[in-house]
Amino acid sequence: MNYLSAENLYKDLGERVLFSELNLSINKGDKIALVANNGTGKSSLLKILAQEEEPDGGIVRLRKGIRSAYLPQEPKFEEGTIQELIDYSSSHIMATIRAYEVALEAQTLDYNTDTQRSFEQVSAAMDEADAWDFERKLKELLTRFTITDYEQPISSLSGGQKKRLSIALAILQNPDLLLLDEPTNHLDLDMIEWLEKYLSNSNMSILMVSHDRYFLDSVCNQIVEMIDGRLQYYTGNYAYFLEKKAELEAASAAEIGKAQQLMKTELEWMRRSPKARTTKSKSRISSFYETETKAKSGKKIQDLELSVKMSRIGGKILELKKLYKAFGSNFILQGFDYIFKKGERIGIVGKNGCGKSTFLNMIMDLEQADSGKINRGDTVVFGYYSQEGMKNLKPQKRVIDVLKDVAEVITLANGSKVTASQMLNLFLFAPQMQNQLVEKLSGGEKRRLYLLTVLMKNPNFLILDEPTNDLDILTLNKLESFLADFGGCILLVSHDRYFLDRIVDHIFVFEGNGHVRDYNGSYTEYRLEQAENAKAQKKEAKKEQHIAEKQKTEIPKSKLSFKEKYELEQLEKDIEKLEEEKDTLEEVLITNATDFEVIATTTDRLGTVLTELSTKGDRWLELSELQS
């Protein structure tokens with residue numbers, strides 16, 4: 001079943017055409033990732049499909065009755081509180097709820113055939129939209145997303161809070177089609193893993209742009225690559241896409257190579273300029289031009305080369321001694337100690353708001369510790385890529401001038417020198433882009449430029465705060481390759497699990513309340529260990545519960561009546577069955593945390609079971625005392 005189709009879409013920015021004659025179809029069950037380099041129009045295409053932006057040509061058709069929701073990369077809300085946003089949301093569910101409230105009031109004031117019919121219609125719409133307990137569901141989801149103060153002004157929310165609020169509103173619209181632009185940006189790792197599981201298990205059709213490769217692998221069943229404004233489809237997840245793309249590129253390169261060899265032979269024949277052109281000769285001439293076209297069809301793939309020279313680093317690098325930091329009752333660090341060694345590469349993970357960025361700012365002397373010492377080595381040259389750093393890029397400045405402000409000439413790792421313009425070329429900024437104003441760049445292009453300004457300072461200690469946000473996968477792969485070969489120290493905060501697994505040796509886990517755990521291993525190993533520990537704790541708890549229950553049931557014989565003995569035995573059996581049912585119901589609540597219907601029915605049954613357990617338990621105690 002076709003949900004959405006786009007035909008002959010055309011988008012022209014003036015200085016460049018993003019895409020032309022672009023066709024796209026999204027069907028029921030499709031979970032598609034849109035993959036392309038920065039500046040190629042991924043976000044613009046999503047906005048057009050969501051009808052948030054007009055194309056310069058072409059048409060978008062959304063099937064009648066299909067509900068869609070759109071999550072922008074940077075959500076924007078009107079002024080007001082969270083509660084006001086919920087109450088006055090333009091989503092179809094809130095519109096249905098408001099229509100129901102109007103119809104209910106009209107029927108209450110003047111009950112007649114018309115008001116009754118209207119009330120029945122909106123009641124049916126409430127059923128169809130599953131909107132009766134929408135506010136409860138929304139607040140449950142917002143609580144999961146750590147948003148609980150509904151009177152908080154939206155203007156005071158952080159980027160992460162706005163993203164989580166936007167995701168909650170989009171999910172609870174119960175859309176048939178969900179359009180997502182970088183959904184994992186600003187989310188901590190726990191939230192990313194929850195969202196990944198939710199989307200994987202949902203029945204929604206999805207079109208998303210994301211740089212998170214683990215996320216793409218788990219959620220998507222199709223990859224659509226945008227190349228030169230056209231789309232290439234791959235059925236399968238991201239890992240399959242990489243495999244097939246490599247095969248296609250190898251096959252294409254082989255064909256082009258053969259055509260280039262043949263063209264050399266045919267070119268010699270053409271240059272001999274035979275005087276008499278027979279039909280056979282003309283056919284060969286025609287074939288030559290076809291071969292020439294094929295031989296020249298191979299485009300030189302722009303590559304990103306990161307090979308700046310690193311300053312020498314001495315024996316003393318960075319020492320952190322008894323660091324304490326708190327904001328009111330929110331403890332960031334409590335007596336943290338660490339001495340960095342040469343070549344160490346450490347990842348930092350933890351929930352949003354636990355102080356990861358504050359910790360980096362303290363190292364960079366942008367934030368002061370409450371107590372403790374930070375000793376920096378004399379030879380250490382920090383390269384700090386911060387979340388706030390892009391704000392220092394002046395919108396009205398030309399790209400080339402941004403780089404020249406750092407250095408006119410840069411020394412590469414091999415000792416050769418390149419100009420600022422040549423370095424920009426290495427970073428995929430073609431000559432025509434170098435004279436553009438910064439404000440004309442896409443979000444990913446600005447981040448790439450900012451990254452270049454950091455690396456040009458020849459650092460030997462890189463501190464990176466969410467460096468993967470908004471970067472395309474080509475840039476990410478090359479950045480990873482550079483960091484893998486980087487000889488200095490690396491300290492990075494990232495929510496990109498693949499990036500962490502590939503780059504870091506061990507991780508600092510900010511567990512909250514100022515506690516930081518130094519885990520010697522990758523992020524995936526850490527999560528697997530957590531899962532095993534949780535499983536073991538659950539098993540131990542069940543074992544202890546079983547022992548306690550067994551001790552309760554081991555009752556010495558006494559002079560109870562035959563009827564009371566029978567009742568006591570029956571109570572023991574009933575209590576055991578009820579305990580088993582209680583465990584099962586609690587497990588259902590854990591594994592179906594997002595299915596609100598299952599939660600409602602399971603909670604009702606759990607209440608009944610707990611009541612019966614209490615009643616039967618009291619009677620069991622009474623008979624036990626009589627027996628003792």
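With which side chain does the side chain of E466 make a polar contact? Select E466 and H495 together: their side chains make this polar contact at 2.9 Å. A polar contact is a pair of N or O atoms within 3.5 Å; within protein, one must be able to donate a hydrogen and the other to accept it, and residues adjacent in sequence count only if both atoms are side-chain atoms.

Before continuing, note that this is a predicted model, in which local features need pLDDT of at least 70 and side-chain atom pairs count only at pLDDT 80 or more, while totals for chains, interfaces and linings use all residues. Residues are numbered from 1 along each chain as its sequence is written, and side-chain values use heavy atoms, with hydrogens and water left out.

**The whole chain**

Of its 628 residues, 45% count as buried. Buried means under 20% relative accessible area, exposed over 50%, and partly exposed in between (1.4 Å probe, protein chains only).

**Around E466**

Return to E466, in the loop between β17 (461-465) and α16 (473-485). E466 is buried yet has no salt bridge, a salt bridge being a side-chain nitrogen of Lys or Arg within 4 Å of a carboxyl oxygen of Asp or Glu. The nearest side chain of opposite charge, K356, is 6.0 Å away; here Lys and Arg count as positive and Asp and Glu as negative, while His and the chain ends are not counted. Next, show the residues that E466 touches, leaving aside those up to four places away in sequence: Y385, Q387, R447, V493, S494 and H495. Contact means heavy atoms within 4.5 Å.

**Helix α17**

Select L500, found in helix α17 (residues 497-503). L500 is buried, with a relative accessible area of 0%. Beyond four places in sequence, L500 touches L189, G347, V349, L492, S494 and Y523. Then draw a distance from L500 to S522: the two are 22 residues apart in sequence and 7.2 Å apart in space, C-alpha to C-alpha.

**Salt bridges**

How many salt bridges does the structure hold? There are 26 salt bridges. Side chains of opposite charge can pair when their charged atoms come close. Begin with R230 and E21, whose side chains meet in a salt bridge (3.9 Å, N to O). R230 lies in strand β9 (residues 230-235) and E21 in strand β2 (residues 17-27), so the pair ties together parts that are 209 residues apart in sequence. R230 is partly exposed, with a relative accessible area of 45%.

Move to E319 and K321, which form a salt bridge with their closest N and O atoms 3.8 Å apart. E319 counts as buried at 19% relative accessibility, whereas K321 is partly exposed at 40%. Finally, select R213, E480, D496 and R502, which are linked in a network of salt bridges.

**Helix α19**

The last stop is helix α19 (residues 562-591), which has 30 residues. From its first C-alpha to its last, α19 reaches 44 Å, close to the 44 Å expected at 1.5 Å a residue; the expected span is 1.5 Å times one less than the number of residues. Colour its buried residues, which include L568, L571, I575, L578 and K582. An α-helix has 3.6 residues a turn, so residues three or four places apart point the same way. The side chain of K582 also meets that of D583 in a salt bridge (4.0 Å, N to O). K582 is buried at 14% relative accessible area, whereas D583 counts as partly exposed at 25%.

Definitions and conventions. Helices (H or I, at least four residues) and strands (E, at least two) are DSSP runs, numbered from the N terminus.
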